[in-house]
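Open the structure in your viewer and keep the selection tool at hand.

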Amino acid sequence: MNDPYSTLGVSRSASDEEIKKAYRELARKYHPDSYVDNPLADLAQEKMKEINEAYDAIQKERSGQGYAYQYQSDPFSGSSAGSYGSASFRDAREAINAGDLARAEILLGSMTNRGAEWNYLMGQLAFRKGWMADASRYFRTAATMDPTNPDYRQAVAYMEKNSQNVYPASSMSGDSDACCRAFSTVMCADCCCEMMGGDLIRCC
Amino acid sequence: MYGYVRPAKDELKVKEFERFRSAYCGLCETLRRRCGLAARFVVNYDLTFLVMALSPPCRTQERRCLAHPVSKRPCLCGDALLDDAADYSVILAWWKLRDDLCDGTFPERVRARAAMLFLRRAYRAASVRNEAFDKNTQLRLAELRRLEEERSDSIDQTADCFAAVLTNAAEKTEDPARKRLLKEVFYHVGRCVYLLDAADDLPKDIQSGSYNPLIFRWGLTEGLTEPVKEELAGTINVSLNMALRALDLREADEWQPILENIVSLGIPRVRDAVFSGVWKKRKRKNTPERSGERI
């Protein structure tokens, strides 16, 4: 493994807080949720593993304690329980996950049952090929045919989110920004209150 | 070429802009050296993007050039990568001109024929040196032409042909993981270029009755309507996000912030300009798109 400090992009003398912050930012960047069903998901997963190992190594070195981090398996790949109905859907799903898109195309093309699951799998196939407009359409059809399935809704939501805006990695420190904004808003409100003779936060 | 893949210059740091310019100058200089003086006009922003994505960290040398004779400028040092990128530029420019020859208006056809006369020798040499890229480009464009003749209503299938041409620029990358991610970047950027070009050409195509996938996909008769703009912008955004996620996996070198700027800020601005009609007006004011992008 490479030097864990350079993997996280921190110096050896960085504080624990700085290391945690660096880890959080990298974890957000390479989190499986950002690579949901992405053809490069395995590369992102490798990066994630590197980052986790680096963080573990630093923690062990500094405090002598182990740290175990487990991230969720990506929700896009049908982790919701239950079978996929017939074996052929399962075969098609496996082909897509393995990157064998030609085989998936043949399998799905030969199916006569073109219900919600078929549309969902066609959407996944289109997504892998980079055919984004088709992917959106298939996912929407699947969600319309079976509104109860969370996977289908999630896929539609994912496409909608990525259609609305463009998200460079540097924009993805959303949580901490929101917290900072909330905090500073409350502090401002408290100052305003005090200027007018009142008090919002008694201890400040 | 198309010039859609450009940075938001005002959002780049000065050193980043200078690096970008050195890549552009490096490509231009390599074109001159390798393909002849006439080939210099083939230099464009789109291929500069490819050069930056493929290149190792920046090594420059000071050079004076014909277009800027007053002072020397840092220019990316020639290497095998720039040589290939120069060949790809010539090959792509050649086939675009062939396309203009078939589909263009009368003045466009005249210009294309003249340009092809200048470019013929350079194209012949480039296509011999990079036979696989040339053959693949021809194959994909033939597929595109077939789809056009069938009046295909699939924007994805038509865009795929064009996008696949650009992915071949990454074919010579040695590291398999890097090759995959670069192909993904080039695919989605190429897809955006195709869709933007279709949107840009829409009024002209409606008038002349030429094929345009947007016409058949949405039954357009007058130009982009608001709902169509929204859907088209949406699908372009999805591709831009996919390109960004792939770029995130690329090594964090000096080119990275420039590439991110282009994909997350530059191309969206061009998209807005194309949709509002400002892009076409700007093109009519400046020199023809094939060259002279002021930098």
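Select A:D42 and B:R180. Their side chains meet in a salt bridge at 2.8 Å, N to O. The term means a side-chain nitrogen of Lys or Arg within 4 Å of a carboxyl oxygen of Asp or Glu. The count between chain B and chain A is one salt bridge.

A note on the numbers. This is a predicted model, where local features need pLDDT of at least 70 and side-chain atom pairs count only at pLDDT 80 or more, while totals for chains, interfaces and linings use all residues. Residues are numbered from 1 along each chain as its sequence is written, chains are lettered from A in the order in which they are written, and side-chain values use heavy atoms, without hydrogens and water.

Now show both chains. In contact (heavy atoms within 4.5 Å) are 32 residues of chain B and 31 residues of chain A. The area buried between them is about 2400 Å², with 58% from carbon and sulfur atoms. Buried area is the accessible area (1.4 Å probe) lost on being put together, summed over both parts. Colour B:R180, B:R245 and B:L249: in chain B they lose the most area to chain A, together 26% of what that side buries.

Finish on the contact: A:M159, A:N162, A:S163 and A:Q164 face B:A233, B:G234, B:N237, B:V238 and B:N241.

Notes. Buried area = accessible area lost by both parts, 1.4 Å probe. Helix = DSSP H or I, 4+ residues; strand = E, 2+ residues; numbered from the N terminus.
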